[in-house]
Amino acid sequence: MTINAVNDVLERIRGGLVVSCQARGSDPLRDSRVIAAMSASTVQGGAVGLRLEGPADIRAVRPLVDVPIIGLWKVDLEPSDVYITPTVQHAQEVVAAGATIVALDGTARPRPDGNPLIRSIEAIHEAGALVMADVSTLAEGEAAEALGADVVSTTLSGYTPDSPQVEAPDLTLVGELARRVQIPVVAEGRYRTPFQATQALSAGAWAVVVGTAITAPGWITSQFVRRLQQVEDQN
Ligand SMILES: CC(=O)N[C@H](C=O)[C@@H](O)[C@H](O)[C@H](O)COP(=O)(O)O
């Protein structure tokens with residue numbers, strides 16, 4: 001990809017909302033047609049990009065929208081802790097399915113195919129896509145940039161032993177990364193309100209990814225139910 005083409009993709013998501021539409025395992029929404037409909041609906045609502053899991057969903061959505069697709073593939077390959085697009089082969093298949101950007105685990109943890117992170121980054125670039133490194137710390141973000149990642153995302157903060165285990169989104173990491181790396185920083189992970197999304201942009205984020213708060217009706221329902229239950233318990 002030329003520098004102009006890379007910049008064009010990044011410009012298209014600048015300052016905007018990327019919606020993550022994912023459903024795995026026994027989730028009743030686990031059907032590529034459902035994911036496709038939900039994705040198209042969020043684009044109608046103004047999403048400037050989509051974050052999608054697995055080649056089947058990427059293939060189902062690609063013909064319906066013309067926004068950039070951030071593709072990933074979650075695969076648990078024990079004993080490795082790396083599950084977001086864990087190997088070079090998974091990365092290549094995500095590109096083949098139609099992803100514009102491939103999101104992958106950007107930590108230094110051992111990967112199940114034994115390859116270093118840079119092999120996946122090189123393979124994605126060779127296949128003509130951009131790389132989003134999902135990280136949990138500033139050091140991981142700096143290392144991923146040095147290895148050639150095009151974008152860094154705070155996706156894994158709260159999900160590794162090295163990052164704060166908190167309910168709120170990690171705005172501190174967004175700010176630290178934005179000050180220290182040259183590549184765009186995407187804010188992702190536990191953004192539940194429009195206000196939190198604006199806070200991420202103020203902290204220096206290039207774009208914000210929201211999943212659960214938009215595309216998980218089970219979770220959204222549980223928030224209403226919990227609140228009603230609290231009121232009920234007080235009476
Ligand atoms: C940690 C991990 O595996 N995150 C995943 C990455 O693709 C997804 O499960 C999240 O839904 C996504 O990051 C968006 O975050 P939230 O759903 O909190 O808005």
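In which sense do E5 and strand E6 (residues 151-153) pair, and over how many bridges? The pairing is parallel and spans three bridges. Strands pair if DSSP finds at least two bridges between them. Helices (H or I, at least four residues) and strands (E, at least two) are DSSP runs, numbered from the N terminus. The model is predicted: local features need pLDDT of at least 70, side-chain atom pairs count only at pLDDT 80 or more, and totals for chains, interfaces and linings use all residues. Residue numbers start from 1 along each chain as its sequence is written.

Aspartate 134 has serine 153 as its bridge partner in E6. E5, helix H6 (residues 138-147) and E6 form a β-α-β unit, and this unit is right-handed. A crossover is right-handed if, with the strands pointing away from the viewer, the path from the first strand over the helix to the second runs clockwise. E5 also runs parallel to strand E4 (residues 101-105), with five bridges joining the two. From E4 the chain passes through helix H5 (residues 117-126) to E5 in a right-handed β-α-β crossover.

Strand E5 (residues 130-134) is largely enclosed by the rest of the structure, because five of its five residues are buried. A residue is buried if 20 or more other C-beta atoms lie within 10 Å of its own, exposed if 12 or fewer, and partly exposed in between, with C-beta atoms placed from the backbone. Leu130, Met132 and Asp134 cover one side of E5, and Val131 and Ala133 the other; all are buried.

Most residues other than glycine have a negative phi, and most peptide bonds are trans. The bond from glutamate 78 to proline 79 is cis, with omega near 10°. Proline 79 sits in the loop between strand E3 (69-72) and helix H4 (88-97). Threonine 85 lies in the loop between E3 and H4. Its phi is positive, about 45°, although threonine 85 is not a glycine. Threonine 85 is buried, with 29 other C-beta atoms within 10 Å.

Arginine 190 also has a positive phi, near 70°. Its place is the loop between strand E7 (185-188) and helix H8 (194-202). Arginine 190 counts as partly exposed, with 17 C-beta neighbours inside 10 Å.
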